[in-house]
Structures are given as structure tokens and as C-alpha cells.
Amino acid sequence: MEGMEGHVDKFRRESGKLWSDMELQAMAALHYLGRETNAKSLAQAIEVLCKSQVNSFNRLDEDVGQTGLFLNPTLAMVNHSCTPNGFVQFVGRRAVLHAYREIKKDEEIEISYIDCNLHLSYRQEALKARYHFTCNCPRCKDDMDIYQVCRGYPHLRLNHLSLAPDIQKPQHPQGPDSSIAKSLSAIIEEIYSWCSTSLSGLSPPEKQKQLRQRWSACKLLRDSCAYAIEPLPHVLAEASMYFGEQNKFTHSLCISSFIATQVEPYKTPAPFAPQRIKGVFIVAKLLANTAPADLGSADNPKNDLLVSNKSLVGRISAALGKIDQATMCQVLLEMVVYYAAAAHSKEWAIFNEAWDLLGDIEALQGRELEDAHVKAFMRNPNGAAERRFFDQAVVGPLQELSAFCFDVMDSEFGS
């Protein structure tokens, strides 16, 4: 650790309470080790703490959240960018540095130390507080939005095996008009903080109240077609979880389909990004929960067959009735299994659950033809016939379901 940068003086000058906490931690550590607490030993202990703060990684587990810190002097040398070409994934006690795209000889490897889709002021604040630098990457310097960043990624062709409705579309994605960009930025600054907090732990009525307020606050983002710009994606994700908790699985499916096709392909252009794979898996599980035998849920009671097709529930039910949900679910699970190693590893809980669900579908009788189509597509996703199958069996139905997203949100959270 001798050669690591600790920014001790900056922590002392700029960190306030954090510096006081570090002093207490240092004294506690010296006491635990049985060492004398004098000026020299205290300074050394604080330096170790500062270096750990600057150079360590939050040891995140994709399934259970943060579980500790990881420190490796070589990995700590990787610099930050808000348009990274790599990312770090943790598998057990190992850290794996993955590439988002081809990295050429002598090209610098860069990762994002924070969530790079945070709003500009929040990215700068997070980097300044912990790492003591101001990011001057192109995304920060020009305050590029998610759609502008997406257009700059060179590997969008990989999305031929993904839920992006049109693999060429991300090259010219829908986004806010430049004429309203300034007013949009001002609105985001105003609503970002309170719209991005978790609703976990709140009662259902309080969640509904919060989602109603947040859905209203995001109106300009919706009207500007800025669907992938935070905090709107966070509001949609919270709404999907809310509907799932209420056993309104068809409502959750419509929102999750929208996120998977209209949000995540722009937020994380690499189709094997962990968040993309999670989104695909969520849609697959919701399809299983909205299969015909399960349509007697809270949002689709047993007498829903008598519900008018003019009602929202009736229209969604009619759309689901036209879908071969088993085949659609099988394709999505195949994609999760296919990308799991690049997104995380075969030790990932999502991979193992998807593998088991896939086995259950493949064991169903009378699906030999459908299974053959799915396997053919996975072998050759660029084939003309295989592509038509994918568009008809997966992409088209997902787009139809995602078209209900705003109607679902308005029905529950509209003014």
C-alpha cells in the first residue's frame, strides 16, 4: 500500500465529520492492536484509512448487496471514466475486470467508480467526496445525456442478441429535443434527489402516494421522450416492484417490458451488462407468473374473461392471449444463460435460477417445433428466418406489452 494515493490533506481539509470519524476509527484500531496511540502511530493509521477509502472497492454481491471492501493495489490503478470501457464484477472473494468492448494495445482501461448514469452534479459530488477529483471525461465536460453517450458506443452491433427493438435504433435513439435540454436539466436538478430514493420499507398506501407524486414530477421527462434519463427509470422500476408486491403481475410485466426495451438498451448499451441481464430475467419470471393458468391474480380475477376489451385489464389480457408465453420465456432464459458468464459468472444466482427454469420449459411435452425454433435462433441470431422468429415471438409482443406502460402508470398513479 506504500505507493497508493491517500489524499490525506484533502480529507483533513474537506471531509468534516468523515475526518473526525476516521480519527476515532484509527484510535480504535490502535487500541485493538495493542499499539500506543501517539501522534506518529495515529497519523500512520489515518493514512491507511484514507488509502483504503480512495483505493478500495465496495465488494458488491449481485444477489445480496454490499458485503465488504476489496483492496488490490493493481486493480486500484484503473482510472475512472463516466463512459467506461470496462467494469469490475465480484464473484465470491474474487474480483473480475471485464471489458465492455474491444480494448486495443496501449489504450487505457477505464471503469466507473460510481453509477455513471447519475445526474452530472451527483456524479461530481460523489467523486469529489470520496476520491477527491473532478471528472473531466467527455460526458461530464459536455454534460452529455444518456442518449448522446449511447450513440458513441462502438459495439452496438452486439445487440443483435438482445431486447433492443431495433439494433440500429440506438445509433439514433429517441431522446429530448435540444431546444428543451436546458429546462429539462433544471427540472432534473429539482426532482432528482427525492425521486431516486428507495421506497423499501414503506407501507403500500405510502408507496402509492410517493409514486403518484414522482410520476407527476417526471412529466417533462415523459413528454420529452427522455425515458432512459434518471430519475424516470427509477420511478418505473419502483412501480414495477410495487405492482409485483400487490400480485398485479400483468401491470408489472408491462412496465418491465418497457424498461427492457426502451430504457436499459440506452442506459447500458452492452447487452451483457449485469443490469440488462437482470431486466431480461425479470421479464421472463413475470411471463411465468402471467401464464394463462395464473391470470386469476389480483389484477385479473377469474371472471376477467367477461371484462370488456375496452378496459385496461381487458386489453392487456387480450394482448397476452395472443402470445406464446412459454416460447417467449424460453428465449429470454436462453439469453440470460448465454450472457451470464460475461455479465457475472456461472456462479451467479440468476444464472442458476434461469438454467433451472429453462429445464422446466424444455421438459414440457408437445413443444418440439417451438424448441427447435428457439435453438435455431440461439445458434444463428443473424439468420433471416431466425430473425423473423425472434421478432414475431419476442420483440413484437414485448413492444405491444410495453405500449401499455404509461396507461398502467396513469391508471394507478395519475392525477
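Residues are numbered from 1 along each chain as its sequence is written, and side-chain values use heavy atoms, with hydrogens and water left out. Because the model is predicted, local features need pLDDT of at least 70 and side-chain atom pairs count only at pLDDT 80 or more, while totals for chains, interfaces and linings use all residues.

Start with the whole chain. It holds 18 helices and six strands. Both are DSSP runs numbered from the N terminus: helices are H or I with at least four residues, strands E with at least two. The chain has 415 residues, and 47% of them are buried. Buried means under 20% relative accessible area, exposed over 50%, and partly exposed in between, with a 1.4 Å probe and protein chains only. Contact means heavy atoms within 4.5 Å. Of the contacts in the chain with a separation of 6 or more, 68% are between residues 24 or more positions apart.

Now look inside. The model has two cavities of 30 Å³ or more. A cavity is a set of points, on a 1 Å grid over the protein atoms alone, where a 1.4 Å probe fits but cannot get out; lining residues have an atom within 4 Å of a point. Grid points are joined across faces, edges and corners, and a volume is the space filled by probe spheres set on the points. Helix 12 gives the largest share, five residues. By type, the lining of the largest cavity has eight nonpolar, three polar and two charged residues. Here Ala, Val, Leu, Ile, Met, Phe, Trp, Tyr, Cys and Pro count as nonpolar, Asp, Glu, Lys and Arg as charged, and the others, Gly among them, as polar.

Helix 14 also carries M335. M335 counts as buried because its relative accessible area is 3%. Leaving aside neighbours within four places in sequence, M335 is in contact with L161, S162, L163, M378 and F390. M335 and L161 are 174 residues apart along the chain, yet their C-alpha atoms are separated by 7.6 Å.

Turn to the aromatic rings. There are 19 aromatic pairs. Rings of Phe, Tyr and Trp (its six-membered ring) pair if their centres lie within 6.5 Å; planes under 30 degrees apart count as stacked, over 60 as edge-to-face and the rest as tilted. Y147 and Y266 form a tilted pair, 5.4 Å centre to centre with 45° between the planes. This pair links distant parts of the chain: Y147 is in helix 6 (residues 146–151) and Y266 in helix 11, 119 residues apart. Y147 and Y266 are both buried. F377 and F390 make a stacked pair, because their ring centres are 4.4 Å apart and their planes lie at 10°. F377 sits in helix 16 (residues 368–379) and F390 in helix 17 (residues 384–402), 13 residues apart. F377 is buried, at a relative accessible area of 0%. F390 is likewise buried, at 0%.

Ring pairs also join W215, Y227, F258 and F406 into a cluster. R222 lies over the face of W215, 3.9 Å from the ring centre. A charge sits over a ring if NZ of Lys or CZ of Arg is within 6 Å of the ring centre and within 35 degrees of the ring normal.

The loops deserve a look too. P231 lies in the loop between helix 9 (219–223) and helix 10 (232–245). A cis peptide bond joins E230 and P231, with omega about 15°. C225 is in the loop between helix 9 and helix 10. Its phi is near 60°, a positive value in a residue other than glycine.

P231 has a contact elsewhere. Neighbours within four places in sequence aside, S196 is in contact with P231 and H234. S196 lies in the loop between helix 7 (181–195) and helix 8 (204–217). S196 is partly exposed, with a relative accessible area of 25%.

Phi of H132 is near 60°, a positive value in a residue other than glycine. H132 counts as buried, at 4% relative accessibility.

Technical notes. 1 Å grid on protein atoms, 1.4 Å probe; cavity = no way out; pocket = protein on both sides within 12 Å on 5 of 7 lines; lining within 4 Å.
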